[in-house]
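This report describes selected features of one protein chain. Please examine the sequence and the structure shown here before reading on.

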Amino acid sequence: MPQDFEKNFYLIGARKNFGCKEALPAKVESAIKVALTKDASTAQEIYYNFHSAKLAGLAVDDKVRTTLGKNLQTVLKKDDSLNSLGHAFAVAAELGSAGTFAYDRIEEAFVQADEVDGKMLQFEGGLSITALIVNGAFKLATTLSKPAPITTEQAVKFATYFLSRASVQTPKGVSLLLEALNLLATQKTIAPVCIRLADNGQLLPESPVLRVRVCDLLGKPLSPALAALSTTIVSRTSSDVLVSKVNLVPNKDDSTLFTYNLKSASPTRGLYRVDIEAAPSYKQQLQVSVLGKVRVSSLEVGVGDTDSAASSVKRHSVAHPSKLPTVLNADSQQKVLLKTVLVDDVSSKPISVHQAFVLLRHQETLQEIIFVAETDSSKAYKFEMDVGARASDFRYKSGLYEVHLIIGDALLSNSFRWHLADLELKFSASEGQHQSASVETASLRKPLPEIQHQFRAPEKRPPRFVSDLFTALCIAPIVILFALWARLGVNVKNFPLSLGSLGFHLGLGAILVLFVIFWLRLNMFETIRYLIPLALFTFFCGNRMLRKIARSSTEK
């Protein structure tokens with residue numbers, strides 16, 4: 001729950017930001033004035049009280065600033081956590097010379113930053129603590145006309161962390177993030193520069209234009225603008241240099257955008273590394289991909305006997321994107337063959353792609369089954385299907401199937417799906433196979449049976465004779481005891497009539513009764529709860545009874 005001083009801060013801040021005409025409640029104003037004159041217990045309390053007074057327009061003279069500075073030093077001696085240091089830096093930046101002491105603690109705070117993957121710096125506690133310390137430290141250094149508290153490399157790593165939190169959802173987080181990014185962007189000597197791709201980094205073969213955006217952390221144009229921006233582009237597969245140290249052309253309408261047309265360099269399909277250099281010492285490495293176009297050089301499809309050689313099968317040539325005019329027919333004693341050669345549209349050389357599939361779809365049920373086309377030594381894609389061996393994959397569903405070729409790749413700009421032929425399949429499955437396939441298909445479309453929870457069946461009880469015998473054995477010691485007493489003759493004349501004697505025998509009897517109740521209905525923990533006081537009572541009464549008996553024997 002927020003403390004009263006924090007609530008007052010948000011109340012006064014909202015009143016000022018919304019331009020409310022109503023006067024500040026006297027109770028709140030007096031609370032702030034009193035808070036400035038007394039010692040606070042935490043740096044957060046000093047922070048909120050001071051800024052509340054500042055937002056409310058209350059005068060904070062040098063005497064109050066000195067008092068706050070001394071209070072802040074006392075608090076930091078007790079609590080020098082990152083949270084306290086961050087609030088202390090923010091307050092000390094407003095105290096002038098009274099806050100000079102806090103500048104010596106900045107290095108102590110920044111050495112506690114955690115490095116992530118060698119690319120980011122952050123403090124334990126996340127965005128709020130990191131932004132609080134960075135903002136407070138820079139404001140304090142600016143107030144005291146001191147150099148920046150971090151190096152250029154550290155500024156880049158902190159900026160990388162802040163940009164990684166651009167998806168923050170809370171209003172407070174957004175405010176802290178924007179304040180930190182704006183503060184870093186305004187530091188002339190160490191301000192990081194953002195050099196990134198202006199699009200998805202995929203260059204089309206007909207217009208391979210490299211687009212790079214150069215701006216500050218908030219996406220605004222740099223001031224002053226960069227004098228020149230050069231690039232070297234190297235292939236990631238062959239390490240060949242495509243272009244070397246060429247200058248990017250600034251865009252007339254957008255001062256943050258730089259472009260370079262690679263058409264004259266004739267880039268081939270593939271992945272490239274882009275090394276960007278800008279004066280005075282900005283460097284960035286980007287990754288782009290040059291897309292290509294695929295063309296079907298040839299495609300042959302045919303049907304032949306299962307035991308026949310592939311070379312003897314009669315095949316039909318199909319040109320992309322047309323469809324074979326005749327319907328192919330195949331039964332369980334035959335196989336379907338397909339072979340295609342894919343080439344680069346520019347060089348006409350055979351290429352390999354990430355995805356090459358043959359899809360068969362039943363025209364009535366729209367049931368689909370997909371096979372992978374494999375490459376051979378000549379980089380041609382082949383597909384061969386034994387109809388009889390694959391019958392179970394089709395659930396023995398005969399009929400007319402559409403044959404589609406699916407080609408896709410991350411480096412293609414014209415991936416496609418081509419309906420190249422129709423195929424009539426006839427499966428000769430046995431009656432049992434037909435029945436099992438139909439049952440399997442039907443079961444897939446029915447709801448699963450409801451799961452009924454069943455408790456474990458109780459174990460079988462022993463016979464009545466065994467239970468009665470066990471009960472008799474349990475009672476036997478008591479029966480024997482009373483029988484022996486009757487045979488020997490019990491003498492109760494010497495029973496000492498005293499509170500100790502009566503209490504001992506009553507306690508002992510109560511313990512025996514408790515054991516009977518435990519056997520019938522109580523559990524062990526409940527029995528122990530009742531047994532402990534009874535045992536203590538019986539022990540003290542028995543001790544008193546024995547002392548009295550011993551005393552009586554001594555007197556006789």
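A residue is called buried if its relative accessible area is under 20%, exposed if over 50%, and partly exposed in between (1.4 Å probe, protein chains only). The model is predicted, so local features need pLDDT of at least 70 and side-chain atom pairs count only at pLDDT 80 or more, while totals for chains, interfaces and linings use all residues. Residues are numbered from 1 along each chain as its sequence is written, and side-chain values use heavy atoms, leaving out hydrogens and water.

Helices (H or I, at least four residues) and strands (E, at least two) are DSSP runs, numbered from the N terminus. Helix α9 covers residues 171–185. The expected span of a helix is 1.5 Å times one less than its number of residues; for the 15 residues of α9 this gives 21 Å, which agrees with the 21 Å between its end C-alpha atoms. Among the buried residues of α9 are G173, L176, L177 and A180. The cover over the buried residues of α9 includes α7 (127–143) and α8 (152–164), where contact means heavy atoms within 4.5 Å.

Two strands pair if DSSP finds at least two bridges between them. Four strands form an open sheet in the order β3-β5-β9-β8, with antiparallel pairing. Because β3 (194–197) and β8 (249–250) stand at the edges with a single partner strand each, one side of each is left without a neighbour in the sheet. Strand β9 (residues 257–261) is joined to β8 by two bridges, and T259 in β9 is the bridge partner of V249.

Rings of Phe, Tyr and Trp (its six-membered ring) pair if their centres lie within 6.5 Å; planes under 30 degrees apart count as stacked, over 60 as edge-to-face and the rest as tilted. The count comes to 15 aromatic pairs, including the two tabulated here.

| Pair | Centre to centre | Angle between planes | Class |
|---|---|---|---|
| Y10 and Y48 | 6.3 Å | 55 degrees | tilted |
| Y47 and Y48 | 5.3 Å | 85 degrees | edge-to-face |

Y10 in helix α1 (residues 4–17) and Y48 in helix α3 (residues 43–56) are 38 residues apart, and their pair links distant parts of the chain. Y10 counts as partly exposed, at 41% relative accessibility, whereas Y48, at 8%, counts as buried. Y47 is buried as well. One aromatic cluster is formed by F5, F9, Y10, Y47 and Y48.
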